[in-house]
Structure formats: structure tokens, C-alpha cells
Amino acid sequence: MKRILSPIALSLVLITARIQAQESDASEVSKPASGSAKPREMGKPAASAQKAKPGKPASDDPAPESPLKNLSVGTEGLFRPGLLLQGWFSVEHADETAATFRLRRAEISVKGEIIPDLVGYGVLIDPAMVLEFEDKTIEVENQDPAPSDPDQPETVTVKQPAKAAAMFKDFFITFLMPYGDLSLGQFKIPVSWEGYNSSSKLLFAERALVSKEFGDKRDLGLQVTKRFEYLGYTAGIFNGATLNHLDNNVAKDAALRLELYPMAGLMLGGVIYASLWQRDQEKAKDRFEADARLATGAFLLQAEFLRSRDVDASGEETEGQGFYAAVAYKLIEVLEPCLRVGYLDPDANRNLDPQDNGGEDEVWHFDAGVNWYIRGHEAKLQLNYYRFQFEDKTANNEVLLAAQVAF
Ligand SMILES: [Ca+2]
Ligand SMILES: [Ca+2]
Ligand SMILES: [Ca+2]
């Protein structure tokens with residue numbers, strides 16, 4: 001009896017795993033509700049996802065997978081490893097020229113469903129985020145006795161992190177439900193279409209300035225999301241203190257993103273994001289966004305507009321805004337030239353002077369690129385040119401060669 005049952009049980013496991021494997025996608029851990037073993041397409045049924053980009057060649061999506069790519073864990077759970085490697089070589093020229101190799105991302109993820117169709121999970125770390133600490137000279141405060149020249153306080157050189165010192169990015173536990181998948185943890189806030197969506201599928205190696213400024217941000221909280229045939233939504237509540245920070249006040253941020261799919265290939269989206277309570281305290285912020293994306297045949301058009309309000313430590317409010325529009329056309333299945341124009345004004349109410357505003361200025365960017373999809377987003381090369389044209393500062397020209405491996 002056992003001998004007969006075992007092959008049947010094994011086949012069932014393999015069939016389940018195969019379904020999971022087909023529905024799953026590369027490096028999408030940041031969208032928790034789309035989390036679990038079928039992360040990207042959660043709420044994006046396979047059929048409608050295909051409809052959304054009918055002309056996209058098959059190479060755009062991972063090849064059919066072996067059923068054994070999901071490993072079995074726990075009583076009946078599934079486990080799926082993921083990797084997103086992005087390596088860059090960039091040359092920049094403004095007043096001076098700089099050139100460097102850079103490890104842009106080394107995202108290592110595990111995700112899956114511990115109880116199939118009921119409870120999902122995911123974790124993502126990026127060790128490439130953490131660089132060696134570097135010497136930084138800072139002024140000494142509250143000197144006793146006071147410095148003889150108050151304009152020249154004593155300084156001390158200390159090791160400081162070059163940027164974020166934590167590699168922890170995503171953590172989620174997701175309860176899968178028919179009308180909304182509820183996740184608890186740390187993940188991307190649903191601001192900026194390009195910011196919220198996968199870093200493995202970017203049209204240009206780097207996101208548009210406005211998407212980088214306001215999107216691709218993580219926070220701790222609760223999020224519920226689902227995609228239906230003509231409508232999708234993501235609603236969340238967050239600490240508002242950004243990733244890897246505990247909250248420092250009772251205020252919480254609320255977010256709602258709505259997407260409409262009026263016809264195949266067309267997405268119209270909007271976001272309202274606002275701090276609730278203590279709206280005049282540090283880190284209080286509001287975001288308003290409208291975006292659209294048309295992917296039909298080999299043609300892609302994508303645009304976003306964002307408006308922001310932020311409160312700084314002194315209680316002062318700053319309103320910013322920006323937009324971008326990008327077009328791309330696949331000449332052949334593996335070769336896609338693209339163009340993009342964008343604008344970012346970090347302070348919409350005044351003309352920024354970079355001398356007085358820590359180098360900040362109004363900036364346009366004009367970008368051109370070509371993508372070579374060796375195997376869709378699993379293995380691709382991107383050659384980009386960016387021109388950042390400031391109002392009161394020397395323009396910056398950058399050429400970037402990016403290589404990616406993702407699964
Ligand atoms: Ca808060
Ligand atoms: Ca301005
Ligand atoms: Ca200016």
C-alpha cells in the first residue's frame with residue numbers, strides 16, 4: 001500500500017511544485033503580498049499578466065522551469081531561493097571625471113509558502129549595500145574649554161558608514177486570502193510604479209530620479225494587496241521611520257495605491273500616501289502620484305508624476321515634485337533601445353541655490369540606453385547614457401554598463 005501511495009504522493013508534490021514554479025518569478029521579494037512562492041503574479045493571474053504585455057517575447061519571462069526548483073520544507077511547505085546580481089562600470093564627468101566598478105545589488109532571497117495557498121513568507125538581504133566604513137572628519141560639539149576661534153571648532157576623524165550600514169531589506173509573513181493578501185514585516189512602500197516594482201526588470205539600469213527620490217523605499221508595517229482582472233490595489237500602514245528603524249513616535253503612515261487595467265497592456269495608477277497624526281513632526285510626509293504604462297507589441301511607454309511634502313527636524317515643510325516619461329521599442333527579441341526624460345524639483349516653492357542647499361538644485365535628466373536580453377531579465381546587459389542638467393550647477397554626463405543575473 002505504502003509503495004503505491006508514495007509515487008502518487010510524490011507526483012502530487014511535483015505537480016504542486018510545478019504550478020508554483022510556473023507562477024513564480026525572479027527577485028520580487030519586495031512585494032510581500034505578491035510574496036511567497038508565487039510572488040510576482042499574486043493577484044496578477046498568469047493569464048492577465050501575459051495579456052498585459054502580449055507582444056513581449058517569451059525571452060522576457062523565465063524559461064519553463066523544472067518542478068524541483070521549489071524545495072520542500074516543513075510539513076507541506078515550499079522554499080525557493082532567489083538571486084539578483086547587478087554589476088556596474090560607470091564613467092561620470094561633471095567638473096571632474098570619475099570612473100568606478102560597482103556592485104549595485106547582490107540580493108539574496110528565500111521565499112515560499114509554509115502552508116500552500118494560506119501562509120507565505122520571504123526574506124531578502126543585500127550584502128552589497130554595506131561598504132567598509134571610511135574616515136570622516138566631524139566637528140566636536142560642546143568643547144570645554146571653548147575653542148579660541150568659534151568659527152574653527154576642533155575636529156575629530158572617525159570611521160563612518162559610507163551609506164546604509166544594514167543589509168537587511170525584506171521580511172514578510174503573508175496570509176493569502178481571496179480578496180487581499182495580508183503581509184506583516186518590512187517591505188517596499190507602494191510609492192512610484194518603478195520604485196515599487198522589481199529592481200530586476202528596470203528599463204534603464206538606474207531608476208528615474210523622481211522614482212529614486214520617493215520610491216524604492218522600505219518601511220515596517222502591514223500591507224494588503226491583490227490584483228483582479230480590471231483593478232488592483234495595495235493598501236498599507238507603516239511606521240514612517242524607514243527601513244531597519246523602530247518607530248520613534250505614535251504617528252503612522254498610510255498608503256493606498258490603485259491600478260486600473262482598462263484594456264490589454266494598459267495600466268493607469270495612482271497613489272495617496274500620508275502621515276496620520278503628528279503631521280508637523282520630523283519624518284511626517286505625504287506623497288501624491290499618477291502613473292501610466294502601455295506595453296503593446298514591442299512598444300513600451302511609461303510615465304509617472306509625483307508630488308511630495310516632507311517635514312524636517314526643525315518642523316519646516318518642503319514640497320517637491322518630479323516626473324519622467326520613457327519609451328522603448330524592441331527592434332528584435334533581444335535588443336531594445338530606450339529613451340527617457342525626467343525632472344526633479346526637490347523644493348517646488350523656491351529656486352534652489354546649490355551653494356546654500358547642500359548641492360541641491362532643480363535638475364532635468366535626458367537618458368538613452370540599449371538593453372541586450374541574453375535571456376530575458378535572467379541575464380542581460382544594459383548600456384546607458386545619462387545627462388543630468390542642473391539649473392545652477394555643471395551638468396553631469398554618465399555612461400554606465402550594467403550586467404545582471406537574476407532568478
Ligand atoms: Ca511614525
Ligand atoms: Ca524649485
Ligand atoms: Ca536653482
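1. Let's begin with the overall picture. Of the 407 residues in the protein, 35% are buried. Please keep in mind as you look around that this is a predicted model. The chain holds four helices and 19 strands. Among contacts between residues at least 6 apart in sequence, 57% join residues at least 24 apart.

2. How far can you trust what you see? The average pLDDT of the protein is 86, and 83% of the residues score at least 70. Two stretches call for care. Over residues 1-5 the pLDDT stays under 50, and the model shows zero contacts there beyond four places in sequence. Residues 7-27 also stay under 50, yet for them the model has 42 contacts beyond four places in sequence. Where pLDDT is low, the predicted coordinates should not be read in detail. I would treat those 42 contacts over residues 7-27 with that caution in mind.

3. Now find strands 14, 15 and 16. Strand 14 (residues 299-311) pairs with strand 15 (residues 317-329) in the antiparallel sense, over 13 bridges. The hairpin between these two strands has five residues, and Gly315 in this hairpin takes a positive phi near 85 degrees. Strand 15 also runs antiparallel to strand 16 (residues 335-345), joined to it by eight bridges.

4. Which residue of strand 15 stands opposite Phe305? That is Phe323. On its other pairing, Phe323 stands opposite Tyr343 in strand 16.

5. Next, look at the largest nonpolar core, which has 30 residues. The residues with the most contacts inside this core are Val191, Leu203, Val210 and Ala255. Elements giving two or more residues to the core include helix 3 (193-196), helix 4 (209-214), strand 12 (266-276), strand 18 (379-390) and strand 19 (396-406), as well as strands 14, 15 and 16 from the points above. Strand 15 supplies the largest share, four residues. As general background, nonpolar side chains in soluble globular proteins tend to be buried together.

6. Leaving out neighbours within four places in sequence, Ala255 is in contact with Ile189, Pro190, Val191, Ala235, Gly236, Phe238, Val271 and Tyr273. One of these partners, Val191, is itself among the residues with the most contacts inside the core.

7. Asn244 has a phi near 60 degrees and sits in the loop between strand 10 (231-238) and strand 11 (252-260). For Lys283, phi is near 80 degrees, and its place is in the loop between strand 12 and strand 13 (285-296). Is Lys283 buried or exposed? Lys283 is buried, because 20 other C-beta atoms lie within 10 Å. Asn244 counts as partly exposed, because it has 15 C-beta neighbours inside 10 Å.

8. Last, visit Pro127, in the loop between strand 4 (119-125) and strand 5 (134-139). Pro127 has 11 other C-beta atoms within 10 Å, so it is exposed. Even so, Pro127 touches Ala106 and Met167, not counting residues up to four places away in sequence. The C-alpha atoms of Pro127 and Met167 are 5.3 Å apart in space, although the two residues are 40 residues apart in sequence.

Key:
Residues numbered from 1 in each chain as written. Chains lettered and ligands numbered in written order. Pairing = 2+ DSSP bridges. Buried ≥ 20, exposed ≤ 12 C-beta atoms within 10 Å, placed from the backbone. Contact = placed C-beta atoms within 7 Å. Core = buried A, V, L, I, M, F, W, Y, C linked by C-beta atoms within 7 Å. pLDDT = per-residue confidence, 0-100.
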